[in-house]
Amino acid sequence: MTEKKPYYITTPIYYPNSNLHIGNTYTSIIADVLKRYKNLNGYDTYLVTGTDEHGQKIMRTAISHGTSPQKFVDIIADETKVLWKKLEIDYDTFVRSTDPQHEEDVKNIFTKLYDQGDIYKGEYKGYYCTPDETFWTESQLVDGKCPECGRDVEYQEEETYFFRLSKYEDKLKELFKDHPDFLEPQFRQKEMLNNFIDKGLSDLSVTRNTFDWGVDVPFDNEHVVYVWIDALSCYLSAIGYGDNKKKFEKYWPASVHLIGKDIVRFHTIIWPALLMALDLPIPEKVFAHGWILFDNDKMSKSKGNIMYPEPLVELYGVDALKYFVLREFHFGSDGNFSSQKYMERYNSDLVNDLGNLVSRTTSMIDKYNGGLVAKGSKTDTYDEELKALAKTTYDDFVSQMDNFKFNEALQTVWTFIRRANKYVDETEPWILGRDEANKDRLNTVLYNLAESLRIVAQLIEPVMKNTSKEILKKLGTDNKGFASAGEFGLLEEGAKVTKGANLFDRLDVEVELKKLHDRNNELIAQRLKNSDDKKEEEENKAEISFEDFTKVEMVVGKILEAKEHPDADKLLVFTIDVGEENPRTIISGIKKWYEPSDLVGKNVIVVKNLAPRKMRGIESQGMILASEFDDDLSLLTTLKDIKPGSKVS
C-alpha cells in the first residue's frame, strides 16, 4: 500500500485575550475545510491550532480581570476548545505556548541561536505598542501613534537580546524571487519586499525584561523570550520538534500556514529568517486572508461590533455557517459580514436551490416509482448537457479548491445545482408521468436528477459534511468517495429514496434577524458578566483573615553589606542582620534604583519566614519589602533606628 503524502496545515496561534468572534474563527473554519478536502483526496493531513499565551498584553488583561495570567489563559484556552468542538474543527493538536514541552523547545531554540551568534545582547530604544506587541522607531509612528492600530505607544529603553534579522536579508530576497508562490495572494509579496525587505532589515528585539510572564531565557532569567520566537515556534513543537523526531521529520515543513493579513510580516520575514538560522526547511506556502468586517469595520470587542459564531450555529447549524463563510468571502480579500446577507443566502442557496432540488427529486421518485431509483434508456440533448456540466463541475471544483479559491469552488457547485433545477423544468417529469408510454424517459430524468444530487453531496462533503451525509441517506446510497463525483452514473438502480424532512427550512428574515441579534447580545452580556464575576471572585479570594496575616513574619533588618550579584545585571545581594545569631543573605532586584554603597547601615522591612530560593546560583533567605509606582521604587524603612529583629505588625 502506497504511503499517503503528508500535508501539514496550521492556523494562527491565537492570542487569547478574549473570546473568539466570527472574524477570529474564519481561519480555523477554512483550515478545517482544507483538511477534510485533502483527506478526501488521499493525503495524510495534520492540522495544528492553538493559543499564544505569553506577553505583557495578556498579563495586563489578566490583572484587569482580577486574576493571574495562567488562570486567565487556562479559561480562554478551554473556551476556545469548546468553540472548536461546536464548529466541528477537526484539529490534530491544540498547542499552547505555556505547554511544558513547548517552553522547553523555546529555551533550546533560543540557546542554539545564541550559541551560534544569531542572538546577541544589546539595548533597545524605541516606542512600544502593547496591543500589537511591536516596537517602532519615531519615524515609523503616525501622528505619534502606532502605525498599525492607531493606539498610544510607550517610549522604552531597555536591555534586550537581538536576533540578527539583517543577516538574512539577502536570503529572504532570494526566497521571494525563487519561490513566487511562497506567499499568496501575490500582491502581498510586493508589500513585504517594498515596505520591509528592500528598505533594509534591522535586527529584531526578541526578549523583554519589563515583565516576567513568558519563557525565561535559560542563561539570563532577567529576560523572557518574546513572541517572535515563542509563538512562532509553536508550529514546530506541535509536531514533535523537541520530543518526537520521527513525527517532526514526517510533517515539516508546513504545507501551508493560514493567517490573517495583519501578521504577514511575522510569518514571511521573521519566521523564515528564524528557520534559516535553525537550518530548517521553509514552509511551502503562507496564505494571508483578509478580514471579515462588520459594517465595513474590523470586528472589535471595544467597538461593540462583534458577531459570535455560537448563535449562528445554535440557530442555523454549523453547515450553514461554513457554507456562508466560504461562499460569501473571497479568501485573500476583506469581506463584510451582514446578518441580512446571511439570511438571504440561506434562503436563496440552501433552501431555494439545494433544498428545493432534493425535495423535488425525492418527491417525484417516491410518487412515480414508489421511492425506488430506476435507470431509463431514452435520452435527449438536455441529458447530455447535464452530464457534461457534471464533469466540468468536478474538474473546476478540484482546481479551485487546490488554489484556495473556496468561494469560486462553491459557486461552481451551485451553478450545477441551478442547472439541475432548470433540467426539471426543461424535461417536465410531471407531464411524462401522466402517460405510461413515457415511463422509460421519466426514469432517465429521475435518475439523472438523483445522480446529480449524489455528485453534489460528494463535492460539498469537505464544507458541509452533515448535509452531504443527509443527502446520501435520502438517496439510499453510500459514500463512494470524493473522486466518484467525477463520474456520472454510479448511483445504484433500486436504491431506496426517502423524502423525509426538509434539508433547510425557509427563514422569515425579519423574525430571524431579531432572534439572532438578541441571542448574540445576550451572549455578549453574559460574557461581560462572567468577566466581572470572575474579577469579583478573585478579589474576594484576595481577602485574608487576621490569622492568615499573622503567619507572615515581618521584622526590621539592618543592611550590613550590599553588593552586585556576580551573574545578574539587575540583582543586589544583601547581608542583613535580622536579630539572629547569623546574618541572612537576601537577594533583591532593585539595582536599577539604588547604589549598593548607599544602602549599608539602613533599616529595611524583611519577610523572615519566606521559603528560601536560589536566584542565579545564590540562595536568598527572605524578602525585602518595597513600594513601586510607575517606574519608581522605594524600600520600606522605619522612622526611628529600631533594633534588628524587631517584629513588624
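Is Glu 169 buried or exposed? Glu 169 is buried, with a relative accessible area of 17%, where buried stands for under 20% relative accessible area, exposed for over 50% and partly exposed for the range in between (1.4 Å probe, protein chains only). The model examined here is predicted, so local features need pLDDT of at least 70 and side-chain atom pairs count only at pLDDT 80 or more, while totals for chains, interfaces and linings use all residues. Residues are numbered from 1 along each chain as its sequence is written, and side-chain values use heavy atoms, with hydrogens and water left out.

Glu 169 has a charged partner. A salt bridge (a side-chain nitrogen of Lys or Arg within 4 Å of a carboxyl oxygen of Asp or Glu) joins Glu 169 to Lys 173, with 3.8 Å between the closest N and O atoms. Both residues belong to helix α5 (residues 169-178) and sit four residues apart, about one turn of the helix; helices (H or I, at least four residues) and strands (E, at least two) are DSSP runs, numbered from the N terminus.

In total, the structure holds 44 salt bridges. One of them pairs Asp 383 with Arg 441, the closest N and O atoms being 2.6 Å apart. This pair links distant parts of the chain, since Asp 383 is in helix α14 (residues 381-402) and Arg 441 in helix α17, 58 residues apart. Asp 383 is buried at a relative accessible area of 0%, and Arg 441 is buried at 9%. Glu 580 and Lys 608 also meet through their side chains in a salt bridge (3.3 Å, N to O). Here too distant parts of the chain are linked: Glu 580 is in the loop between β18 (572-577) and β19 (584-588), and Lys 608 in the loop between β20 (603-607) and β21 (613-615), 28 residues apart. Glu 580 is partly exposed, with a relative accessible area of 33%, whereas Lys 608 is buried, with 16%. Elsewhere, shared partners join Glu 328, Lys 341, Arg 345, Asp 349, Asp 353 and Arg 418 into one network of salt bridges.

Next come the nonpolar residues. A nonpolar core is a set of buried Ala, Val, Leu, Ile, Met, Phe, Trp, Tyr and Cys residues joined through side-chain atoms within 4.5 Å. The largest such core has 96 residues, and Leu 258, Leu 354 and Trp 414 have the most contacts inside it. Helix α17 (residues 439-460) gives the most to this core, with 12 residues. Apart from it lies another core of 63 residues, including Ile 13, Val 227, Ala 254 and Ile 263.

Trp 414 is worth a look in the viewer. Leaving aside residues up to four places away in sequence, Trp 414 touches Tyr 323, Asp 349, Leu 350, Asp 353, Leu 354, Ile 460 and Met 464, a contact being heavy atoms within 4.5 Å. Ile 460 is also touched by Ser 468, along with Ala 457, Gln 458 and Glu 461, under the exclusion of residues up to four places away in sequence. Ser 468 is in helix α18 (residues 465-475) and counts as buried, at 1% relative accessibility.

The structure holds 40 aromatic pairs; rings of Phe, Tyr and Trp (its six-membered ring) pair if their centres lie within 6.5 Å, and planes under 30 degrees apart count as stacked, over 60 as edge-to-face and the rest as tilted. The rings of Tyr 124 and Phe 162 form a tilted pair, with centres 6.3 Å apart and planes at 35°. Tyr 124 in strand β4 (residues 119-129) and Phe 162 in strand β6 (residues 154-163) are 38 residues apart, and the pair links distant parts of the chain. Tyr 124 is buried, with a relative accessible area of 13%, and Phe 162 is buried at 8% relative accessibility. Tyr 323 and Trp 414 also form a tilted pair, 4.5 Å centre to centre with 35° between the planes. Tyr 323 lies in helix α12 (residues 318-328) and Trp 414 in helix α15 (residues 406-427), so the pair ties together parts that are 91 residues apart in sequence. Both Tyr 323 and Trp 414 are buried.
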